[in-house]
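Dear colleague,

Please find below the structure that I am handing over to you. I would be grateful if you could look through it alongside the notes that come after it.

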Amino acid sequence: MNTLLEVSGVSVTFDGFRAINNLSIQVAQPELRAVIGPNGAGKTTFMDIVTGKTKPDTGRVLFGDKGVSLLGMSEADIANAGIGRKFQKPTVFEDQTVRQNLAMALKNPRGPFAVLFHRKTTEGAARIEELAEEIGLTDQLTRISGELSHGQKQWLEIGMLLAQDPRLLLVDEPAAGMTAEEREKTTDILKRAAETRAVVVVEHDMEFVRRLDCKVTVLHEGSVLAEGSLDHVTSNPTVIDVYLGRSDA
Amino acid sequence: MLRPILFLVLFFGLAAPAYAPVHAQELTLQTILQENSDEITKPKRRTVSTALDALVASGLPQVTQFLEQWQDKGVWLREDDGLYFYASADGGDLTLTDIDTGAESTVPKDGFKQLKPNGGVRRVIATALVQFQLSDPDLARRETAVQSIARRPEASQLGPLLASVDGEPDAALKARKIQLANFLSASFAEDPADRIAAIESLSTDTSIEARAVLNQILNAKPDVAPRTDAGPEGNIARELKPGSDLSSEDAYAQLVEAGFAQAAITPAALREAIVSNVVEGKVGGVPTAQLNSQDNRVKAYTALAEDGIVPPFVTAEEREAAIEAHVFFEEYSEKDPAITTAALDALNSIETRVAAAQTVDLTLDALSLASIYFLAAIGLAITFGVMGVINMAHGEFIMMGAYTGYVIQLFVPDYTLSILIALPVAFAVTFGAGVAMERLVIRHLYHRPLETLLATFGISIALQQLAKNIFGTQARPLTSPAWLDGAWVVSDVIQISYIRIAIFVMALMFLALILFVLKRTRLGLEVRAVTQNPGMAASMGINPDRINMMTFGLGSGIAGIAGVAIGLYAKVTSEMGTDYIVQSFMTVVVGGVGNVWGTLAGASMIGFLQKGIEWFNPSNTLAAQTYMVLFIILFIQFRPKGIVALKGRAAAD
Amino acid sequence: MRKTFISQHPSVLWFLAILGLFTVFVAVMSEASGIGLISTSMVKTLGKTLCLALIAIAMDVVWGYCGILSLGHFAFFGIGGYAIGMWLMYARTESIITANLSSQVIPPTPQEVTDAIGNQIFGVVGSSEFPMLWAFSHSLTLHLLMVVLIPGLLALIFGWLAFRSRVTGVYLSILTQAMTLALSLYLFQNDSGLRGNNGLSGLQNIPGYEDASQASISVAFFAVSALALGLGYVLFTLVLSGKMGSVVKGIRDNEARVRFLGYKVENYKLFIFTLTAIIAGIAGALYYPQAGIINPAEIAPIASIYLAVWVAIGGRGRLYGAVIGAAFVSLLSSWFTGGGVPPLNLGFYTILWTDWWLVLLGVAFVCVTLFFPKGIGGLFDYLVRKPS
């Protein structure tokens, strides 16, 4: 296990509000990691920083074996470097088919002219079949993705991330709004994905986190409060105080 | 006519002693006139002064009136006895007034002859009159006299003017007389030292007149002389270098005019000469078909010149050599270099001051423009900031406000009152229109901002055409109250019209009002809450629907008031909205969305920028606007969210 | 390949077939063929409408497919018109001047010819010198290149600046509007070198074809416009089919998602913006010789907004929708404003449609936006779906 993502000493301020405060997190490859924390703990901002949406005021964000700094890279460059991100709300291209959605995400040259003269290949088609199989949407490939159920859209989005073949997957609340059955399937997809790559899951739902059965990082007020197995962190009195205590109440 | 005469009578009653010569009692004006009857009846410009001197020397109080009447061709001669009368013709009759007693009578016109001094003589009379008028007890008459001197300054007026300065009771007029005396002595004083002193005293005077006086002294004529080591003679203003200061064509033309060179043969003249000398299809041995190049034409012409048919051709080299051999310069008409140097120094020092004053003036102009943009844009900024909606019909709301003002003036003729009524009514009308638009259209298009833009554009073209159908295409006036006419004049350079000041004050009032509404009222609190986080605001029990409606109404209402303000100084037409809408967008975009201060900053920046660019290139407002728009496009590159940008999650999308 | 393309996009075949038939119909019925059922001015109007349809599909691609509401594409259209207009005006004036001067006693020098042309063209703005802009006006090839290059380069530079700094949504619309405004203000100046508000005129006279009648010229232009529209339609269908179409529509629907998939959204927008600007320029270069005159008022921001109106009414996101919108609204508009519609007497008020057309259009437009966001083209969905 070697470190894939290293976030160290990162701070960011919005209009005087410190959203991230001297945050340091390491993620290895392969690894499945859950990030939990109360509202406003900085979970989404953490993802924004890693994916280049938000520029931190201070700190370092290094990625990969060579430790390339992600700061100053555009979102697209970061994505191409091997970081995939799933948004909180399912964001798929609703008036295109599932196949088109997946095809767009396939790891291929991303330049406009390469795309313009791109022709479908059998390998590509096979890869799409494979991904559809993985996320359980084989029957839905020709459907317009806007017609999919909420859970299916979530899976499709995860499938699109996998299609990019990223080394690090950032997944924001994948289980929100899912039925118990769907959650189970989601857990399976994520766990399988984490066998070869790093997967960071931000989640509210303790049950879901427990099912992931992985190392947990607790964020609070923009920095790491505790880290370890779920049982370890949930027994931490500070964590109970700031997070679990309140959610129980 | 009666008034001045009355004044004259009064004046001479008081002022006569000052002029009273010894034998005033025995003399009547008529006797003096008879003594100089030749000059009076048939005056000549050169000789009339003897008669005038005699009249002035008499010190009679009636002299001024006589001079005035004479100048105005109001003096008639009775041919029987050669007596002079004031008279006015009325059909075939004359109303006679006795020159000394003022007794009136009516007689037939026959036997009387009107004295008609020519223009030159009348000017001499006027000059003589000025010295009386300068000391007239009536302020208005003295002012008129001073004005007439200022209009047509002459050397002879300097003496009387200086003489009248000490006795001048009115402080302002005295200052004006001193100023004018300075102008006159700068130009006409006999002693160069006096002139230089006067010129130096002008160096703090930024008025246009003072600059005109100095420029008059510095008047220089272009001239040319053969180049010598000593340089040209005379009081030289500057040497002109052909090629940079004047074109070589002009330089050569000057040489020709001065007789130093032979006229160049222009291509047109060359052609003319050739065309008129075609012999058997050839000119100077060159076939006409070959005359389609300048070289061949010159060849043909030279051949003609060798035969002596046409003047010799001047080659470019010859012209250059001629220009080289001469020196081009401007020479002052004023011969004394000390005086021109002093005038130049004074002018430079004035120009420094004028530049400073212009900066102030420009700042005032820019401020007033900024306040117009602020008024036009603030409503837009509010709706854009709170609702993320671009209202393309905003300009038409401005127009609606202006037409409301116009309609109210049709019913309420008192301009002050009608404007006072128009402001709230315009607000109400456009508030209503805004609310109706929000309810009927915009409410259904939230989250589709581009479509809102287009739908409101549809409303905009419909409203514009509707206004055209109702009010016609020609501009309608929105008249400002009389007390807003005119301008606040600080100096010749700094002045600003009262309407612009009023608009500035209005913009300040609105700034205060909007800040108050937003920061100190419940509505403002709710509006700010919806701006920052609509979802959260809704969950706190704020009805976003109502807030949106109110905000839209408010924004539109302000546009209506802005319309009244803009209508006061610009024309009210159905297209006036389009003139402001793009600028308003710019203001909002540059300033940053959802913030009153941002709009203020944006309006100020655009106002100052526009005036600044216009100052660099005053002749071309179109170019100024082009550059401004380009600047804004570049500005957006560096601050895509405007000057005052919201940060954090609220700005994220 | 061709076969699959058409089978994937049946609308292209339909469109080309209808366009072709229409072209043949107009050509046969025109005065040029001798039948003369369609007047020359009508042929010109129809030809111009085809050019408007061409720029409308460009607008549809940039707005309906890529989500960029550009209020500047009519500026590119105008630039195309100016680019070709400069050559037309120069060449035409040159032939007139040469003819005039040749009757004189001695043949003119090149300088005299240039001076006379300059005087003729720029006399209206009080100048006779050729501005820098006209340096290539003698060359048709260079001006045909300019028709493509100038709109393309302007779009490239402007788009690069705007997209790079992530200006999107209404901001971008306003910025493009500002660009259009700046351009039209510039052209309004007398010293812009393009004859200020006089614009360029006499463009309907095609140099080299002085003997051809306007009737046949108009038919020729009509046919070329139809060809351009057909090619443009196929080009955009090709570009938008397959993966490019997916990405472009993805940008419209969720720019951030596309970005996080690793696509440089800016480059795609720039590609589409520039390509459509070039097509707009070509459309303009075909339009103005048929219109005969171009002046800066044509480029005013309002024209670009009308373009958006056509596309919205026709139906965004489908190329034939844009064609229908442009043709329908512009023809209807000239019918109404040309006084072709009889006044409506309400008893207390008589509605003159020349006065009320814009009101009607404005209201209709609001209604379309509110109730028929898919526009006229949306009706085809009903037609297609009904049988199933």
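Predicted model: local features only at pLDDT ≥ 70, side-chain atom pairs only at ≥ 80, totals over all residues.

Chain A

Chain A contains an open sheet of 6 strands with mixed pairing, in the order E6-E7-E8-E3-E9-E10. Strand E6 (83–86) and strand E10 (223–229) of chain A each have a single partner strand and stand at the edges, so one side of each is left without a neighbour in the sheet. From one strand to the next, the twist averages 20°.

Within this sheet, strand E3 (residues 31–36) of chain A pairs with strand E9 (residues 215–220) of chain A in the parallel sense, over 4 bridges. In this pair, Val35(A) is found opposite Thr217(A) of E9(A).

Two helices that lie across strands of the sheet may also be noted. Helix H1 (residues 43–50) of chain A lies across E3, E6, strand E7 (168–172), strand E8 (198–202) and E9 of chain A, and runs at about 145° to E7(A). Helix H6 (residues 150–163) of chain A lies across E6 and E7 of chain A, and its direction is at about 170° to E6(A).

Chain B

Four domains are assigned in chain B: domain 1 (2–133), domain 2 (140–217), domain 3 (220–332) and domain 4 (356–574). Between domain 2 of chain B and domain 4 of chain B, the C-alpha centres are 50 Å apart.

The contact between chain B and chain C

To this contact chain B contributes 50 residues and chain C contributes 52 residues. About 4400 Å² is buried between chain B and chain C, and carbon and sulfur atoms give 75% of that area. On the side of chain B, the residues that lose the most area to chain C are Leu450(B), Leu454(B) and Gln637(B), which together account for 14% of what that side buries.

The interface of chain B and chain C holds 3 salt bridges. A salt bridge joins Arg316(C) to Glu451(B), with the closest N and O atoms 3.2 Å apart. Between chain B and chain C, 6 residue pairs are in polar contact, counting those with both residues at pLDDT 80 or more.

Helix H13 (267–275), helix H14 (294–306), helix H19 (449–471), helix H24 (576–591) and helix H26 (621–638) of chain B each provide at least two residues of the side that touches chain C. H19(B) supplies the largest share of that side, with 14 residues.

Yours sincerely

How values were computed. Residues numbered from 1 in each chain as written. Chains lettered and ligands numbered in written order. Heavy atoms only, no water. Pairing = 2+ DSSP bridges. Axes fitted to C-alpha atoms, helices over the stretch in contact; angles between N-to-C directions. Contact = heavy atoms within 4.5 Å. Domains from an automatic or database assignment. Buried area = accessible area lost by both parts, 1.4 Å probe. Salt bridge = Lys/Arg side-chain N within 4 Å of Asp/Glu carboxyl O. Polar contact = N/O pair within 3.5 Å; in protein donor to acceptor, adjacent residues only side chain to side chain.
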